[in-house]
Structure formats: C-alpha cells, structure tokens
Amino acid sequence: MVRTTRQFRSRLADLHLGSYLPLYNRLTEQQRFAYKLLAPGLAMMFLIHFIPIIWGTLISFLGVDSSYIYRWHAAPFVALENYQYVLDPRTVVGGRFWFSVRQTVIFAVGTLVVTYVLGLTAALVLNQKFKGRFVARTLLLLPWVAPVVVTLLIWRMMFQQQSGIINNILMSIGVINEPIYWLIGDNAIWTLVLTHSWTQFPLVMIMLYAGLQSIPEQLYEAAAIDGAGRWEKFRHITFPQLKPVSAVVVLLVMLWTMINFTAPYVLLGAQPPRAGQVSILYIYDFAFSNFQFGRGAAMSVVLFAIAMTMALAYYKYLFDEDFTEGDQ
C-alpha cells in the first residue's frame, strides 16, 4: 500500500501539472506550497458548490418543465424569459417572489441581531472566571451539537397554539390573556427568527469567545489605571478588538440564514403562512408543485446574486479597509 502510494505520488509529480496553469512559473515556492494545500479544498468546493451553481444557471435559461425532467438539456432555450417572468412584480409569481425576498431579509437581519446579542452576552459571561465555567460552556453548546431537526420539532411543539408550553407559561404568569398563534399568521416570521437564532447562537458565542481570549490583558490594566469602568472598557477595548471576528460572524450568519432551508421547512412546513414564506421555501414550492424548474432556477440565481452582492459589498467596505490599513 505504501509502495503504491509512493509510486502514485512520483508519477503525479512527473506530470508537472502546475506548468499547465497560467502564471504558475511566476509563483514563489512558498506560494506554490500554499496553493497545493488549498487544492483539495478547492476541488471539493468545485464539485459540491460550483457545478450545481453552473448547472442551475444553465437551467434558468431553458424552458424546463415536467416534459423535460429527464431530458433537461433538450428543453427549448428561452434566453431571459424566465427572469423577466419571475422579476416582474406585476405578475402573481413576481409579486410573491419579491415579497419572499423581503421576508428573507427580515429573517436574516432578525436572526443576525438575536444571535449576535445572545452570543456576545454568553461569550462575555464565559470569559469571566467562575466556578463551573466548563459545565456552563458545555450546556450552552447543546443547541449547536443537538440534531437540528430534532431541535426544530421540539420548538414546533412548544409553539403550538393550544398545547404548546410557551402559551401555557405566558398565560400562567399573566403576560397574555388568550393563546397566540405562533406558527400561522404574522407571528410566523418572528417565531422562525427566534427558533433559528436558538440553533445558531452557540457558534457565534464560540467565535466571539475566541476573540475575547485574544485581547491582551495589558489593555484592560492600562484602562483601569486611567479610571475606566466596565462600560468604558467594553466600549473602547472589547468591542473594537472584536471587530474582525464580528465581521466574519455577521457575514456568515447573514449568508447562511438567507439560504437556510431546514429551519423554515421543518418549523412551518412546505407551504408556510404568507409571513413565513421566505425565498428558499417559495422557490421550492413553486418549482416542485408546478414543475416549473426553469423559472425556479431563475429565482434561485436571483437569490444567489442578491446574497453574493451583499457579501461582496460587505467585504469591500469592511474587510478590504481593514486589510489595507493593516498592510500600511
């Protein structure tokens, strides 16, 4: 086995695959080594992400319906017709699609705010020295390590209008006088935000906790000598020092929430109430209920473009500025 592996590596090296890549000869040995380490990850990303994206984009220009499920490549080329249809707010489909985009933005921004506040609060508590910190850290990670579908189903039962424990608790302490419909009506989007935030905040907590651990203690000691209190230390030291980690957290939570399918599908079902109809659910329902895969692919490409535009703008105006300042 070892001999076979060595022979394979030797033959692979003899091929000099790098010489076929543009600009490869201009790279230093250190840069070549870095790209070799990145190669397996890039290959997997190309296989898992890029090929489906390219495939979906191709289908969005074709009239793929129930007649061409098994022969999608034989479907007629319709150019931009699918995009014109789904982007026109005057049509029923276009109006619903833009409404779902709006609900998706509310879902993403709401989840970001709740997860960041919960994650930062938990990280600040864990950063203090107290007895039982290890146990507290383990318990706070449970929502992240537990199977997400099981967690969502439990929340679904808790939010039931008649038998749910949440309505029973709120009525028993006098907060509400009659049961609230959490899973239908206008409350559905906020129920979705709270539930998804519960499954995501431990990851935010761990990332911010790692950022807190990297802040030099000397900064706090110098601030204490200058008479700074807890709020001044948090405002002028902790929060600015967490900016790089917070930037990554904001970007990841926003993107992951916009394309999240599991939480809205398990919590609200395949055909959710209007308030909970985020884009990913609407695209799924429209494409597979009406067998309009070409138009469904067009909506997916639009959602992908919106997410990428937001990510690039965020990257340019935050990450790029920090890296430029750091290089100077």
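Which residues form one aromatic cluster? The answer is Phe261, Tyr265, Tyr284, Phe288, Phe291 and Phe293. The model is a predicted one, where local features need pLDDT of at least 70, side-chain atom pairs count only at pLDDT 80 or more, and totals for chains, interfaces and linings use all residues. Residues are numbered from 1 along each chain as its sequence is written, and side-chain values use heavy atoms, with hydrogens and water left out.

Staying with the aromatics, rings of Phe, Tyr and Trp (for Trp, the six-membered ring) pair if their centres lie within 6.5 Å, and planes under 30 degrees apart count as stacked, over 60 as edge-to-face and the rest as tilted. That rule gives 17 aromatic pairs. One of them joins Phe97 and Trp98, whose ring centres sit 5.5 Å apart with planes at 55 degrees, so this pair is tilted. On relative accessible area (buried is under 20%, exposed over 50%, partly exposed in between, with a 1.4 Å probe and protein chains only), Phe97 comes out buried at 0%, while Trp98 is partly exposed at 35%. Trp155 and Phe159 make a stacked pair, because their planes are at 25 degrees, with ring centres 5.6 Å apart. Here Trp155 is buried at 18%, and Phe159 is buried too, at 4%.

Most residues other than glycine have a negative phi. Phe291, though not a glycine, has a positive phi of about 55 degrees; it lies in the loop between H13 and H14 and is partly exposed, at 39%. (Helices are DSSP runs of H or I, at least four residues long, numbered from the N terminus.) Ala79 likewise has a positive phi of about 55 degrees without being a glycine. This residue is found in the loop between H2 and helix H3 (81-87), and its 31% relative accessibility makes it partly exposed.

Next comes the largest pocket, with a volume of about 1100 Å³. On a 1 Å grid over the protein atoms alone, a pocket is an open set of points where a 1.4 Å probe fits, with protein on both sides within 12 Å along at least five of seven lines, and lining residues have an atom within 4 Å of a point. Its volume is the space filled by probe spheres set on the points, which are joined across faces, edges and corners. The lining counts 28 residues, with Ile53, Ile259, Ile280, Ser300 and Phe304 nearest the centre. Helices H2 (29-59), H11 (243-258), H13 (279-290) and H14 (293-327) each supply at least two lining residues, and H2 gives the most, 10. By class, the lining has 23 nonpolar, 5 polar and no charged residues, where Ala, Val, Leu, Ile, Met, Phe, Trp, Tyr, Cys and Pro count as nonpolar, Asp, Glu, Lys and Arg as charged, and the others, Gly among them, as polar.

As for charges, the structure holds 2 salt bridges, each a side-chain nitrogen of Lys or Arg within 4 Å of a carboxyl oxygen of Asp or Glu. Glu29 pairs with Arg32, with the closest N and O atoms 3.4 Å apart. Both sit in helix H2, 3 residues apart, or about one turn of the helix. Glu29 is exposed at 58%, whereas Arg32 is buried at 18%. Arg90 and Asp88 meet in a salt bridge at 3.1 Å, N to O; Arg90 is exposed at 75% and Asp88 buried at 18%.
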